[in-house]
Amino acid sequence: MTQQYRADDWEEYRMNTREPFVELESLERELAVVDEALETLVNAGVLPHRDYDHAAFDAHRRAVRGCFEIPWTAISPRMERILWAINAIARPKRMIAAGIFCGFTFISNAGAGVGPGAVYRPEDLVGVEVKADEAERARRNVEALAPRGPARSVAADAVDFVAEYCGPIDLLYLDADGDRGRGKGIYLEILEAALPMMPPGSLVLAHNSVNCADRLQDYLSFVRDDAMAASVNVIVDPEGLEVSVV
Ligand SMILES: C[S@@+](CC[C@H](N)C(=O)[O-])C[C@H]1O[C@@H](n2cnc3c(N)ncnc32)[C@H](O)[C@@H]1O
């Protein structure tokens with residue numbers, strides 16, 4: 001059975017992708033939606049608890065807004081907060097984000113472990129982007145926020161990178177819009193390459209579980225059927241996030 005969290009205003013909660021920092025709602029409302037979503041993940045057995053450091057998240061958000069160059073993004077403030085909170089709670093030692101464009105999606109995950117809002121010490125946080133110029137922009141952005149530390153941007157095909165990665169992957173974030181006609185179907189390819197390295201309890205986060213549900217049909221069937229211990233569709237905005245536990 002598909003489990004889900006659905007904010008009652010998810011369809012009306014819309015951002016301008018070229019002005020990602022414009023306030024869309026009160027902070028109280030953002031906190032309430034994210035808390036409810038985290039509670040659903042706890043009840044589904046995906047997360048152990050829903051507590052995270054709000055001041056650390058604020059420091060992270062402030063720093064990103066101060067130093068990141070973001071031409072556009074579809075990561076809404078609600079999505080930014082929930083990605084950061086999931087990482088702050090799960091504390092993955094090794095995280096790979098696939099398809100990071102300018103790096104905003106990557107740092108929304110990695111910012112729990114590096115930069116002014118870091119709440120734990122990871123070993124390796126990798127953002128993989130196939131376009132060399134965007135990987136370079138992501139590198140500059142990440143370096144401005146966290147000049148030292150284990151967050152890095154790599155120019156590579158995420159399928160190849162993951163297949164060759166040595167060591168366990170504790171959290172995999174999927175956002176690649178596959179090149180060479182592979183489209184969002186590439187999520188399943190990346191996950192299948194990663195799964196042998198993902199220990200029980202590790203997490204897979206897939207952006208666009210709502211607006212790309214058709215194109216993600218094979219991926220969503222895979223994670224929602226028997227392949228995963230649990231999977232929850234988190235609908236805080238029109239894009240959505242599928243959160244699965246291995
Ligand atoms: C839609 S963008 C992600 C943007 C993000 N959702 C946001 O709103 O900020 C998808 C990115 O995946 C990258 N990509 C496509 N195929 C890839 C692959 N095989 N490996 C790594 N990155 C890939 C694209 O170059 C693009 O920058």
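Predicted model: local features only at pLDDT ≥ 70, side-chain atom pairs only at ≥ 80, totals over all residues.
Residues are numbered from 1 along each chain as its sequence is written. Local features need pLDDT of at least 70 and side-chain atom pairs count only at pLDDT 80 or more, while totals for chains, interfaces and linings use all residues.

Colleague: How many helices and strands does the protein have?
Modeller: We take them as DSSP runs, numbered from the N terminus: helices are H or I with at least four residues, strands are E with at least two. On that basis the protein comes to 8 helices and 8 strands.

Colleague: What radius of gyration does the protein have?
Modeller: It's taken over C-alpha atoms, and the globule rule is 2.2 Å times the number of residues to the power 0.38. With 246 residues, a compact globule would come out near 18 Å. The protein agrees with that, at 16 Å.

Colleague: How far apart are the end C-alpha atoms of helix 1?
Modeller: The expected span is 1.5 Å times one less than the number of residues. Helix 1 has 17 residues (27-43), so it should span 24 Å. The model agrees, with its end C-alpha atoms apart by 24 Å.

Colleague: Which residues of helix 1 are buried?
Modeller: Buried means 20 or more other C-beta atoms within 10 Å of the residue's own (exposed is 12 or fewer, partly exposed in between; C-beta atoms are placed from the backbone). By that count, the buried ones in helix 1 are Glu30, Val33, Val34, Ala37, Leu38, Thr40 and Leu41.
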